[in-house]
Amino acid sequence: MAALRQSSSLTERRRGRRGVVGRHTLSLSTTLTFLLALLTCCVRCACCAKTSNIILILADDQDVQLGGMTPMKKTKALIGEAGATFVNAFTVTPLCCPSRSSILTGRYPHNHEVRNNSVSGNCSSALWQKGPEAEAFPIYLSKQKYQTFFAGKYLNQYGKKEAGDIGHVPPGWDQWNALVGNSQYYNYTLSVNGKEEKHGDSYEKDYLTDLITNRSLHFLDNISPQHPFFLMLSPPAPHSPWTPAPQYQKEFGDVKAPRDGSFNKPGKDKHWLLRQPVNPMPDSSLTFLDNAFRKRWQTLLSVDDMVEKLVKKLGDIKELNNTYIFYMSDNGYHTGQFSLPIDKRQLYEFDIRVPLMVRGPGIKPNQTLQAPVLNIDLAPTLLDISGLNLSTVNLDGQSFLSQMAPSLRNGTARPFFLVEYTGEGHPTPDPACPKLGPGLSQCFPDCVCEDAYNNTYACVRTLDSGHNLQYCEFADSESFVEVYNLTSDPHQLENIVKKVDPAVLQVMNQRLIKLQSCVGDSCRDVK
């Protein structure tokens, strides 16, 4: 502006000496001044254009293979039909705490080092808090001037005394309402900005899914219009103990777990853990899993209500068209597949596939996208939306903004990726199942164990236009290998390791070795 004043003053002096020439100079100067002011205004407007808001809704143990999205009609209409549905979305590890750690960091488990749901397995441990948590995506969103809000389940061991206690609030969050421990619907404790808040069994006051909804709506009522906002909402549904809201307790009364595919089939030619269940399953197990399946759907109806209320609120405050809404689960689930009653943790499609739907600016409605997307891709996608230069962040995943909004970004899909899991067991036998011996865990119902120390595996999953394969190696005394052609065998009934060309097995093995040691760019560039 000082330069402009000097130019104007000089023009005035010249006008007095040069008559007509001075008037032409003044006209030119005025025009230049106007153009400069206009340019400055345009630059300022571009700089001050509001960055898009983001909401992430993360369900707990919601499958997609067994119809887990069926009860969620509102969510499918308000997010899926209004945006993109990814039909090939995967978790890189099928268990809550390692998966959520991957979502927060954008890294494979071998890089964030959270192996299972225990503190000794690094779930919300001091090592996690000092390392990966201090580099999680909320920190970068906060630096990008986002107003950040969290409510619900964080990590399974969060808030425990051996994991930093209730006073620990992870960096990057402005408002913090985190569940202490694992999923509950009533009778739980929250850390509210580091302070203990106990809840009882009143539906109106305490039902956790509704509490998350109500507090998020209150946060949206009080946001600053000057900065974008990010909300991460993590309801307990449909995780056990599967407690539905009172108004939904009679829904789906005739629903049973689907009986097709690998349901109640023997796990022949598979890892020993899949060979141990009784087949066919006893009636007691069938009754148990059908009841669990039904209640899981019932609990999801409250999450469906959450989505509806959030979308309405965003419309009311005139932010809906500038907000990305992501809906995802941390892992899949099974109810009777290969005669395993209920759980996750396995390498099969029902446990590693997850629902993923997104709506937001630049995303055309009613898209069904085939490109493989991983939970480690969520962090880079959120940071990409925020405007952060992704090359400045240590991430194994890649942004999928280009897949759902190609008008905004260019990008390519990955042809293969890693799935890895570290088994969890107990050093002593389960008192309810003493004959099984040590090293096992999750032995219910009917003493069918869903996990063990040597249920430790790594898989390379290939999914492109010409191949749909899975190759897995176990870290056990058998060095067991499982291979599936999911084009001809989508339910993974036949392990074809003995039928595959050895040259193909060697290629898959070499890819797996590279992926298991990859970091950052090398996780995306494996050939």
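**View 1. Contacts across the whole chain.** Take the contacts in this protein with a separation of 6 or more: residues 24 or more positions apart account for 71% of them. Keep in mind that what you're looking at is a predicted model. The protein has 16 helices and 20 strands. Its C-alpha atoms fill a box of roughly 110 × 60 × 40 Å, taken along the principal axes. And what share of the 527 residues is buried? Buried residues come to 57%.

**View 2. Helix H3 meets helix H11.** Here you've got H3, residues 73–80, and H11, residues 283–316, with axes that come within 7 Å and cross at roughly 35°. The crossing of H3 past H11 is left-handed. Which residues of H3 take part in the meeting? They're Lys73, Lys74, Thr75, Leu78 and Ile79, and across from them in H11 are Asp304, Asp305, Val307, Glu308 and Val311.

**View 3. A pair of phenylalanine rings.** Search the whole structure and you'll find 26 aromatic pairs. To describe a pair of aromatic rings, you give the distance of the centres and the angle of the planes. For phenylalanine 326 and phenylalanine 400, the centres are 6.2 Å apart and the planes sit at 70°. Why is this pair called edge-to-face? Planes over 60 degrees apart count as edge-to-face, and these are at 70°, so the pair gets that name. Phenylalanine 326 belongs to strand E9 (residues 323–329), while phenylalanine 400 is in the loop between helix H13 (378–386) and helix H14 (401–404), so the pair ties together parts that are 74 residues apart in sequence.

View 4. Zoom in on one aromatic cluster, formed by Phe137, Phe150, Tyr154, Tyr158, Trp173, Trp176 and Phe230. Elsewhere, look for tyrosine 333: what sits over its ring? That's the charged end of arginine 296, 3.8 Å from the ring's centre.

View 5. Start at the peptide bond from alanine 237 to proline 238, which is cis with omega near -5°. You'll find proline 238 in the loop between strand E8 (229–234) and helix H10 (272–275). Now move along to the bond from asparagine 279 to proline 280, which is also cis, with omega near 0°. Proline 280 has its place in the loop between H10 and H11.

View 6. Serine 124 isn't a glycine, yet its phi is positive, at about 60°. Look for serine 124 in the loop between helix H5 (109–112) and helix H6 (126–130). It's buried, with 0% relative accessible area. Aspartate 269 isn't a glycine either, and its phi is a positive value near 60°. This aspartate is in the loop between E8 and H10. How accessible is aspartate 269? At 45% relative accessibility, it counts as partly exposed.

**View 7. Asparagine 187 in its loop.** The loop to look at runs between strand E5 (175–179) and strand E6 (189–192), and asparagine 187 lies in it. For a sense of scale, leucine 486 is 299 residues away from asparagine 187 in sequence and 43 Å away in space, C-alpha to C-alpha.

**View 8. Serine 262 and what it touches.** Back in the loop between E8 and H10, find serine 262. It's buried, with a relative accessible area of 4%. Which residues does serine 262 touch, not counting those up to four places away in sequence? They're Gly336, Gln337, Phe338, Phe350, His491 and Leu493. Valine 500 is 238 residues from serine 262 in sequence, and the two are 22 Å apart in space, C-alpha to C-alpha.

How values were computed: Residues numbered from 1 in each chain as written. Predicted model: local features only at pLDDT ≥ 70, side-chain atom pairs only at ≥ 80, totals over all residues. Heavy atoms only, no water. Axes fitted to C-alpha atoms, helices over the stretch in contact; angles between N-to-C directions. Helix = DSSP H or I, 4+ residues; strand = E, 2+ residues; numbered from the N terminus. Left-handed = near helix turned anticlockwise from the far one by under 90°. Contact = heavy atoms within 4.5 Å. Phe/Tyr/Trp six-rings, centres within 6.5 Å; stacked < 30°, edge-to-face > 60°. Lys NZ or Arg CZ within 6 Å of the ring centre and 35° of its normal. Buried < 20%, exposed > 50% of the residue type's maximum accessible area, 1.4 Å probe, protein only.
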